[in-house]
Amino acid sequence: MGLLVVGSIALDSVSTPFGQTADALGGSAVYFAVAGAVLHPVQVVGVVGSDFPFAELERLAQRGVDLAGVARVPGESFRWKGKYSYDLQSRETLETRLGVFADFHPTIPPAFRAAKFVFLGNIDPELQLSVLDQVTAPTLVACDTMNYWIHSKRDVLLELLRHIDVLMVNDSEARELSGDWNIYRAARWVLGRGPKRVVIKQGEHGALLAAGDRVFKVPGYPLEEVFDPTGAGDAFAGGFMGHLARTGDVSEPNLRRAMVYGAAMGSFAVEAFGVQRFEQVTAQDVEARVQGFLQLTQFDVPGRGR
Ligand code: AMP
């Protein structure tokens, strides 16, 4: 079952209280792919400029990332520079240089068009819609966005919501999109506009899945060392979609399991700078962390069992 991601491929320069990187491999599609590929092969569509260290990207091919949809075009690659606060709770974007990303028009290679699981990373909602025109019959489409599009292309974004299955955003985006500060009401607002499911990520506090009038919540994994929160949301999406693609099961119990795989991948992402941590993560490591979530959330009520 093909798993496709369309999104940014970036050179990130990140500064946290614990260190910094310069022009390191990043971008939403890259974080998604390195996490998702631990569970299931990932097909990537994106663009890089002529200055991109393509060999670094090519190393991902050994881990199950298919780069046939990555266009290499003359010009500067997309660069993003961010700085985190002392408690890692907030970040400031210091610089965004779109470069070749400004003219990105995703073209899905014929071999990727039959993908059954599609993740639309944070790009212009018009481009996200254009991807949906190119895929033939996906089983499940999930989509991310960001505050910039919520304000500048709200109408297109609302149109997109009518064509996707899962909106996956962080809490501040859910609040801005719905105009409601309460995330449960914000989730309900989204569910009234098309998607049957919404996932709201809450950083170290975990994530929730809302469907109908039901809510499932996964905590954040208790980590004593966090180095760089960049890309945690995209890694979460990679784990979530990777689990769905490898099982081919979109039932609600399996979506709940996918939330735990997502949370596991998000927790790996923050343990090192950039995508480094995923160089070592194995399927067994993921299972061990999923087991950790089980222990973290298990309790019983005397006389009632679990
Ligand atoms: P996250 O921490 O989940 O928000 O993802 C961070 C990643 O998003 C970084 O690797 C950036 O390269 C990428 N990114 C930052 N700004 C943008 C943007 N405007 N469009 C697309 N990707 C972006």
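A polar contact is taken here as a pair of N or O atoms within 3.5 Å; within protein, one of the two must be able to donate a hydrogen and the other to accept it, and residues adjacent in sequence count only if both atoms are side-chain atoms. The structure is a predicted model, in which local features need pLDDT of at least 70 and side-chain atom pairs count only at pLDDT 80 or more, while totals for chains, interfaces and linings use all residues. Residues are numbered from 1 along each chain as its sequence is written, and side-chain values use heavy atoms, with hydrogens and water left out.

Around the ligand, an oxygen atom of the ligand lies 2.7 Å from a polar backbone atom of Gly27. The side chain of Asp12 places an N or O atom 2.5 Å from an oxygen atom of the ligand, and the side chain of Ser8 has an N or O atom 2.9 Å from a nitrogen atom of the ligand. Of the 510 Å² of accessible area that the ligand has on its own, the protein covers 84% (Shrake-Rupley method with a 1.4 Å probe). The shell around the ligand comprises six nonpolar, seven polar and three charged residues, where Ala, Val, Leu, Ile, Met, Phe, Trp, Tyr, Cys and Pro count as nonpolar, Asp, Glu, Lys and Arg as charged, and the others, Gly among them, as polar.

Helix α1, residues 28-36, has nine of its nine residues buried, so it is largely enclosed by the rest of the structure; buried means under 20% relative accessible area, with a 1.4 Å probe and protein chains only. Helices (H or I, at least four residues) and strands (E, at least two) are DSSP runs numbered from the N terminus. Among the buried residues of α1 are Val30, Tyr31 and Phe32.

The largest nonpolar core holds 59 residues, of which Leu57, Phe240, Met241 and Phe278 touch the most other members; such a core is a set of buried Ala, Val, Leu, Ile, Met, Phe, Trp, Tyr and Cys residues joined through side-chain atoms within 4.5 Å. Helix α9, residues 252-269, gives the most to this core, with 10 residues. A second, separate core of 46 residues includes Ala10, Val118, Ala174 and Ala210.

Val198, in strand β12 (residues 197-201), counts as buried, at 1% relative accessibility. The C-alpha atoms of Val198 and Val166 are separated by 5.2 Å, although these residues are 32 residues apart along the chain.

Terms used. Buried < 20%, exposed > 50% of the residue type's maximum accessible area, 1.4 Å probe, protein only.
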